[in-house]
Amino acid sequence: MIAALIIFLVMAILFGLLQGYASVRFKVEGNPLAEQINQLLPQTQCGQCGFPGCKPYAEALAEGESEVNLCIPGGHKTMIEIAEITHREPKEMAETAPTSQQKLVAKIDESICIGCVHCIKVCPVDAILGATKKMHTVIEQECTGCELCVPVCPVDCVEMVAEPVTLHNWSWPEPSQQTRGRLNRYDSTENAHLLLNKSTKGES
């Protein structure tokens, strides 16, 4: 009995050592660029980019097989960061993105919430608090705006609203097309004045 137990332990140790060696010897290295992109993505696993999760989207981006503007929860900021590390041109956000640069978050109408916990189950970042047959509420700071909680609500008490502006998330608004046009004309005028001054000094 003891001999059989010793043999079993020795075999288990040998098998463990063999498995450890194989995991090191035949380790498949991941794409470093894909890992870097994956760290930039919000990890909502919402599928709005057309891929089953953030990592598959990151891998497709690393291979040049997808566009940089498909991450709706990440928004414009994430798109710019992805474009920079992949050395690609930034693009306008995909058509499914919010028209405003302001982030959208889920909001629950607590007066009609029935506490079904459907939204809690699908939230990939645990941004919803509540319990069965108890009122639910959204932690706005944690919500990524993936919208997965909206269609599962049986009483339609979840909607997407603009995130409240605070000192922590406020930023300067981007200039309008009209303002950009004026700035471009101003730059052109300034350049013309500089060239004129240089030519005048050269003649004198």
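1. Where contacts in the chain (heavy atoms within 4.5 Å) join residues at least 6 apart in sequence, 51% of them join residues at least 24 apart. The model is a predicted one, in which local features need pLDDT of at least 70 and side-chain atom pairs count only at pLDDT 80 or more, while totals for chains, interfaces and linings use all residues. Residues are numbered from 1 along each chain as its sequence is written, and side-chain values use heavy atoms, with hydrogens and water left out.

2. The chain has 7 helices and 4 strands, these being DSSP runs numbered from the N terminus, with at least four residues (H or I) for a helix and at least two (E) for a strand. Read from the N terminus, the order is α-α-α-α-β-α-β-β-α-β-α. Of the 204 residues, 25% are buried, where buried means under 20% relative accessible area, exposed over 50% and partly exposed in between (1.4 Å probe, protein chains only). The chain exposes about 14,700 Å², of which carbon and sulfur atoms supply 59%; these areas come from the Shrake-Rupley method with a 1.4 Å probe, and for residues only the protein chains shown count as cover.

3. In H2 the buried residues are Ala-34, Ile-37 and Asn-38. Seen down the helix axis they fall within an arc of 105°, so they line one face of H2; the arc is taken from the directions from the helix axis to the C-beta atoms. These buried residues pack against H3 and H4, whereas Pro-32 and Gln-39, on the other side of H2, are exposed.

4. Asn-38, in helix H2 (residues 32-40), deserves a separate look. Asn-38 is buried at a relative accessible area of 15%, and its side chain reaches the backbone nitrogen of Lys-55 at 3.4 Å. That is a polar contact, meaning a pair of N or O atoms within 3.5 Å, of which, within protein, one must be able to donate a hydrogen and the other to accept it, and residues adjacent in sequence count only if both atoms are side-chain atoms. At the start of H2, a side-chain oxygen of Asn-31 comes within 2.9 Å of the backbone nitrogen of Leu-33.

5. There are 4 salt bridges, each a side-chain nitrogen of Lys or Arg within 4 Å of a carboxyl oxygen of Asp or Glu. Glu-35 pairs with Lys-55, their closest N and O atoms being 3.8 Å apart; because Glu-35 lies in H2 and Lys-55 in H3, the pair ties together parts that are 20 residues apart in sequence. Lys-55 is partly exposed at 42% relative accessibility.

6. Glu-67 and Lys-91 form a salt bridge at 2.5 Å between the closest N and O atoms, and because Glu-67 lies in the loop between H3 and H4 and Lys-91 in the loop between H4 and strand E1 (104-108), this pair ties together parts that are 24 residues apart in sequence. Glu-67, Arg-88 and Lys-91 are linked in a network of salt bridges.
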